[in-house]
Amino acid sequence: MTLTRRALIACAAGFTATSPFAVLAQDLPSIHVFKDPNCGCCTAWIDILRRDGIAVTTEPSFGTLLMTHKLESGIPADMISCHTGKIAGYMVEGHVPPADIRRLLAERPDAIGLAVPAMPYGSPGMGPEDAREAYDVFLIRRDGSTEVFSRYEAA
């Protein structure tokens with residue numbers, strides 16, 4: 001194979017086009033997600049994180065094993081959703097938007113992590129955002145208390 005000027009230009013153009021995404025992925029640690037291997041909404045949420053430049057690893061978990069992991073990680077029972085992630089020492093429960101994960105990592109509060117309890121329609125991975133219902137993202141404090149971290153109004 002001969003390296004032509006056209007091939008070199010195409011390679012440079014491809015590198016230039018994708019390099020901003022490499023920077024996005026490098027500025028965050030990866031998130032490790034515990035999820036039911038058959039859950040479509042979990043997979044949709046993971047795809048959204050990846051499109052946002054967040055590296056994701058997954059581990060199949062379900063039933064009492066997954067619930068035990070959530071509770072042992074400090075997630076209050078009323079904050080539980082379907083999947084659980086861990087990133088840079090924080091827990092991320094449910095359909096938390098990538099922007100809130102980035103904010104959590106930038107601000108570094110003394111907390112367990114974030115949660116979107118239940119599975120609100122229109123949250124990331126749960127249907128179209130332009131038809132979403134209102135929902136809150138909660139910050140879970142180390143004492144188990146919660147406060148609103150972000151609020152998403154109905155579309």
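Strand 1 and strand 3 (residues 84-87) run antiparallel, joined by 3 bridges. Strands here, like helices, are DSSP runs numbered from the N terminus, with at least two residues (E) for a strand and at least four (H or I) for a helix. Two strands count as paired if DSSP finds at least two bridges between them. This is a predicted model, so local features need pLDDT of at least 70 and side-chain atom pairs 80 or more, while totals for chains, interfaces and linings use all residues. Residues are numbered from 1 along each chain as its sequence is written, and side-chain values use heavy atoms, leaving out hydrogens and water.

Now, the other neighbour. Strand 1 runs parallel to strand 2 (residues 56-60), with 5 bridges between them. The chain gets from strand 1 to strand 2 through helix 2 (residues 40-51), a right-handed β-α-β crossover; that is, with the strands pointing away from the viewer, the path from the first strand over the helix to the second runs clockwise. Have a look at Val33: its bridge partner is Thr58 in strand 2 and Gly85 in strand 3. Strand 1 (residues 31-35) is largely enclosed by the rest of the structure, because 4 of its 5 residues are buried (under 20% relative accessible area; exposed is over 50%, partly exposed in between, with a 1.4 Å probe and protein chains only).

Let's move to Ser145, in the loop between strand 6 (135-141) and strand 7 (146-152). Is Ser145 buried, partly exposed or exposed? Its relative accessibility is 34%, so Ser145 is partly exposed. Beyond its neighbours within four places in sequence, Ser145 is in contact (heavy atoms within 4.5 Å) with Leu139 and Ile140.
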